[in-house]
Amino acid sequence: MAIELKGVTKRYGATTALDKVSVSFGGGIVYGLLGANGAGKTTMMNVITNRIFADSGEVLIDGERAPGSDRALGKVYMMAEANLFPDSMKVEPAFRLTRSFYPGFDMDYALSVAKRFELPLKKKVKSLSTGYASIFRLTLALAVGTPYDIFDEPVLGLDAQHRDLFYRLLMERAADTEQTVILSTHLIQEAASLISHAVIIHSGRILRDMDTAALTGAAYQVSGPAAAVDAYCAGRHVLNANSLGGLKTACVEGEPEGEAPAGLEFAGMDLQDYFISLMNEADRREAK
Amino acid sequence: MAGFDGTRPIFLQLAEMLEEGIISGAFPEEGQIPSITEYSAALKINPATALKGINLLVDEGLVYKKRGVGMFVSTGARSKLLARRRESFYSERVLPVAREAKALGLTSGELAELTARAYEEKE
Amino acid sequence: MKFAAIFKYRMRDCLISGGVVMLVMVALTVLSYFGIVTFGGYEESADGVTESYATMNFTMPYVIFMFVLGIVSIREDMRLGIQNGAGRTTSFMANLACMVLTALLLNLSCIVFYKLWALLDTDLVIIDLYSMAFLREMTPGTLGEMLLCALTGTAASLAFTGCGVMLSLVYWRLNKAGKWIFSLALGAAFVLFINAATSFDWLAGAVTAFFVWVVKAPLNMNVTFLALAAAFYAIARAVTLKNPITAAAA
């Protein structure tokens, strides 16, 4: 039971937005789809939900080909940045309309979430500010109750207080339901503790697809005098390195063996550090 | 977020937080502790992470689960934790201090003097 | 399930807007009756006396309304469908079902107006597409004639709805340059065709023969309208099979 992408490619003219992407999402856990703006996150989500078609490859939802299938598509809800509701639609009627499509939609919950965010129910969806438009859409996604729930940049335009509330609500839902959640975001730091599995995408390619703990455990930082760091790094896979004066910090893949050699220090990496080193390495490789 | 250090596993940090709570008496013995849902919502952490952290304490018998009711601090959990803390006190706290003192050129007598002074320090 | 949800939403919308159009038409009819508004003309009778008369027509306004409804509704339904987990075919078919039902309801409602008008026995002439082509009277007389009027009106409405739906989807699919090329090509094709029809006798003959055939029998006319509707809907369907479903530009 999963959303599976098999060799999905999508091109826009000369740019390849997705390059033979194979990945799967399932198991009732919270995924982070992490990548910079323009890495292909939204394209991937749009292909899954058949908003757009892949040039090649296929998307299966619980083993069923997604495009054209009400049953398969009905299992996935996507909170997208684009508003697909009619111009004249107001917030509360949009809730009711969504319920007519999804029997599992929890109206009481949606109204309580709307109240906590102070989302105006009588306003037209189209006239909401960026932040409230995000709140409107994330409220629907939280209440919809589909087996797969996609949040594409959910906190766009939200202030700190509302972001905090959203993260709390999302974690509460994740704990209380069996939903598989895909949180697509470029805000790595904020997503780090929310997700348990990270899919890192760069220029349309999946760079890493791993449990978050395994991911951050799979690299460490070495710092100390530049010469000593360089000597240590020789023969090791260095993701990224920074120098400051005679001091150098390198991000090395793998796990440190034993104690740090004299003069050097080992440190763990958080997801954001790891993500940045990975991006820098990928950029360097592409530049070659 | 919520004072977690991103470079160490969050479940370990959550377990430490819970242990602190038991030692300080914030979670009294036979008292109920928050649920997985409450922890993940309040700390904005993945529920699987919260479960992993709490399970560490369950495995050690510090916390027990009552089906359908919730999780409670076991009797004797505090004394068990205190005993364990005393054991690790030497290796985790005293040893590094002694090493640092040596590096600074302090004699063992001078270090003992400092320790005595710190002990008398009013908070 | 998904079909029902889209159908329910769209049908409600169609009934409201169709009802408004119907009310406007009734209001115009009443105004025409009192001579406040006139759609009409004059006719020279044999003795050279000019006789003026007022007319009303339901079929054409409904056809135009359905054309516009086709243009505005299809994108909304495709968007709503994909946001709420409905396949493209489902959204498309739900929209089509609503269009057919609305066209049928609007044109059937004409029967009531014809009946009422016959009762009032006024000088106002209600012209109907079908009766104009096939009956000696402008207005149908018997219930059977009225039914045929309604059916032909529905077929005509659907041809134009299909055209609206197709144009809406084609323009949605095309990028800016494509839109220009398509528009210009459409205009150029039209001008070329008119020119060709006047320049080549065989083409003029063929076009004339076709129109003569269409108005020769009600079946011919209905078949023509339905064939047009089918052709437009086939193109529209082909577009929905591949087009990206994007939000309306703000």
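Which residues does I245(C) touch, not counting those up to four places away in sequence? Some notes on this predicted model, starting with that residue.

1. **I245(C) and its surroundings.** I245(C) touches R51(A), M78(C), R79(C) and I82(C), once residues up to four places away in sequence are set aside. You'll find I245(C) in the segment after α8 (218-240) of chain C. I245(C) counts as buried because it has 22 C-beta neighbours inside 10 Å, and the cut-off for that is 20 or more. For a sense of span within the chain, take T29(C): I245(C) lies 216 residues from T29(C) in sequence, and their C-alpha atoms are 42 Å apart in space.

2. **Where A meets C.** The contact draws on 21 residues from chain A and 22 residues from chain C. On the chain A side, α2 (70-73), β6 (76-79) and α3 (91-101) each put in at least two residues. Of these, α3(A) gives the most, with four residues. Sorted by class, the side of chain A that touches chain C has ten nonpolar, eight polar and three charged residues.

3. **Where B meets A.** Here 17 residues of chain B are in contact with 21 residues of chain A. The elements of chain B that give two or more residues to this side are α2 (36-43) and α3 (47-59). The largest share, four residues, comes from α2(B). The residues on the chain B side divide into nine nonpolar, six polar and two charged.

4. **Chain A as a whole.** Chain A has ten helices and 14 strands. Along the principal axes, its C-alpha atoms fill a box of roughly 65 × 40 × 35 Å. Of its 288 residues, 45% count as buried. Among contacts in chain A between residues at least 6 apart in sequence, 67% join residues at least 24 apart.

5. **The largest nonpolar core.** This core has 161 residues, and those with the most contacts inside it are Y31(A), V76(A), I150(A) and L183(A). Even so, the largest share of the core, twelve residues, comes from helix α5 (residues 143-173) of chain C. In soluble globular proteins, nonpolar side chains tend to be buried together. L183(A) is worth a click: leaving aside neighbours within four places in sequence, L183(A) is in contact with V30(A), Y31(A), G32(A), L33(A), F151(A), A191(A), L194(A) and I195(A).

6. **Chain B and its domains.** Chain B is divided into domain 1 (10-75) and domain 2 (86-120). Taken over C-alpha atoms, the centres of domain 1 and domain 2 of chain B are separated by 33 Å.

7. **Helix α4 of chain B.** How many of the 27 residues of α4(B) are buried? The number is one, so α4(B) lies largely in the open. This helix runs over residues 77-103, and at 1.5 Å a residue its 27 residues should span 39 Å; the end C-alpha atoms are 38 Å apart, which agrees. After the helix comes G105(B), whose phi is positive, near 80°.

Note on methods
Residues are numbered from 1 along each chain as its sequence is written. Chains are lettered from A and ligands numbered from 1 in the order in which they are written. This is a predicted model: local features need pLDDT of at least 70, side-chain atom pairs count only at pLDDT 80 or more; totals for chains, interfaces and linings use all residues. The expected span of a helix is 1.5 Å times one less than its number of residues. A residue is buried if 20 or more other C-beta atoms lie within 10 Å of its own, exposed if 12 or fewer, and partly exposed in between; C-beta atoms are placed from the backbone. Two residues are in contact if their C-beta atoms, placed from the backbone, lie within 7 Å. Ala, Val, Leu, Ile, Met, Phe, Trp, Tyr, Cys and Pro count as nonpolar, Asp, Glu, Lys and Arg as charged, and the others, Gly among them, as polar. A nonpolar core is a set of buried Ala, Val, Leu, Ile, Met, Phe, Trp, Tyr and Cys residues joined through C-beta atoms within 7 Å. Domain bounds come from an automatic or database domain assignment.
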